[in-house]
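Please look over the sequence and the model together before reading on.

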Amino acid sequence: MGDSSEQSAAAAGIHKSFGFWDVVGVIVGIVVGTAIFKSPTLVFQNSQGPWQALGLWAVGGGLSLCGALVYAELATTYPRNGGDYEYLGRAYGRWLGFLFGWAQLAAILSASIAAMGYAFGDYAVRLFGWSEQSAVGLAALAVAAVAGLNLLGVKAGKWTQNLLALVKVLGLAAIALAGLVAVTSGLEAPPSQAAARVAPSLGLALVFVLYAFGGWNDAAFVAAEVKQPQRNIPRALLYGLAAITAIYLAVNAAILLTLGFEAARQSRAPAADVMQVVAGNWGVRLVSVLVMLSALGAINGMILTGSRIYATIGSDFRLFRLFGQYDGKTGSPIQSIVAQGLVALALIGIVGTEAGRHAIDRVMGTFGRSAIPWDQYFGGFETLVAATAPVFWGFFLLAGLSVVVLRLREPDRPRPFRVPFYPMPVIVFCLTCGYMLYSSVAYAGWLAVVGAAPVAVGLPLYIASRYGSRGGETR
């Protein structure tokens, strides 16, 4: 991996396909998934009042902004596809960069894609009144269809992402507008049943807020394909997160204005309840469609960006050279997209079927552990999220620290964008990652081991791969 990223990208068949708005579309499309439709209730339950809840969403945006400043420096200093793969490899050694890339394929990104597939399937089942058993098949269909779309080329994936991101923004804006209409028209939400009070926990509330903001860093995975990366990547990160924060605040304000704080704490689907007040059952159906489209947008964004990590690994390690090939006509890493889709489909089958769950429980039993309480994590969606979250936040923390390491290791390297007020944003970001790492391990319990197990396989693979390495850059 050389420093002349422009030349190496051109040699690999990588083209500058992403403009400013395309990168914003990637960020919005991935971040605004399904969490904004679930997290508000959990945040309200762990807040002492409406203003505190709204303040937590603003804090979440601010903490994410600190992370965006960190990644803006990294991505503009090292504008190569793969993002964290490049930064971690430079800062700590090739082995950690390789392990990060393998973790994305074996656990983190693939599990997130599968989880969004489940979200799509679950809401499709509710919308059309199908059996719950259909959700697994619908989840697999969503992932396969989006992966197939990306095989058509980078333009197809990019424009699909832009369209879905726009639809999501308009849909959430409609929810915010519905809240305003409900208040000005004097519409009232139906009385809700009393629910058991939950002892507020600001720390837990912040966990749910930050989960809803997750995914903005994936934009760095396509850095080599961004036009004028030194200008467009920082702007897209900052403007994209500012827009998302504003959208989240508007939606939460609409929920509070329409339902009231106490009713919002009890609502299982607060956005749907807001739309029901204004538009009846049609409003609920529209929210279901919006959630499905949001899930598809997140799937598309993660497949589009994640495949670039494996392609970069393939260009560095001969053992994975098949992944490093970009199709001359479509401009896409075909084999990487296929691999990403297949692993995500496998995860859907493992956690979504009785046979798959029994297989995992048998493996746990061989190590003297009890079966996983699948119902505790609400089926496939949260099982995947809980199992892989500790791995995600661990790598995220190391990436934040890499800014400091690389400044010390390469002090003379040009940095088109430097973190302002350094090192305070870096410290805030790393403390946030550390807290989320602790919280995710505490929540997942032994599921964290299940998520880490496939990642550990990457170590012997790296040992095998280094003998077939293409050499590249000495770190």
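## A buried pair and its partners

Arg407 and Glu73 are both buried, where buried means under 20% relative accessible area, exposed means over 50%, and partly exposed lies in between, as found with a 1.4 Å probe on protein chains only. This is a predicted model, in which local features need pLDDT of at least 70 and side-chain atom pairs count only at pLDDT 80 or more, while totals for chains, interfaces and linings use all residues. Residues are numbered from 1 along each chain as its sequence is written, and side-chain values use heavy atoms, with hydrogens and water left out.

Arg407 and Glu73 form a salt bridge whose closest N and O atoms are 2.8 Å apart; the term stands for a side-chain nitrogen of Lys or Arg within 4 Å of a carboxyl oxygen of Asp or Glu. The pair links distant parts of the chain, since Arg407 lies in helix H17 (residues 380-409) and Glu73 in helix H4, 334 residues apart. Helices here are DSSP runs of H or I with at least four residues, strands are runs of E with at least two, and both are numbered from the N terminus.

Glu73 also meets Arg415 in a salt bridge, at 3.5 Å from N to O. Arg415 lies in the loop between H17 and helix H18 (424-444) and Glu73 in helix H4, so this pair ties together parts that are 342 residues apart in sequence. Glu73 counts as buried because its relative accessibility is 2%, and Arg415 counts as buried because its value is 9%.

## A network of salt bridges

The structure holds nine salt bridges. In one of them, Glu86 and Arg80 have their closest N and O atoms 3.2 Å apart. Glu86 is buried, with a relative accessible area of 1%, and Arg80 is buried too, with 12%. Salt bridges that share partners join Arg80, Glu86, Arg90, Asp316, Glu410 and Arg413 into one network.

## Cysteines without disulfides

How many disulfides does a search of the whole structure find? The search finds zero, a disulfide being a pair of cysteine sulfur atoms within 2.5 Å. The closest cysteine sulfur to that of Cys433 is in Cys430, and because the distance is 6.2 Å, the two are too far apart for a bond. Cys433 counts as buried at 0% relative accessibility, and Cys66 is buried with a relative accessible area of 15%.
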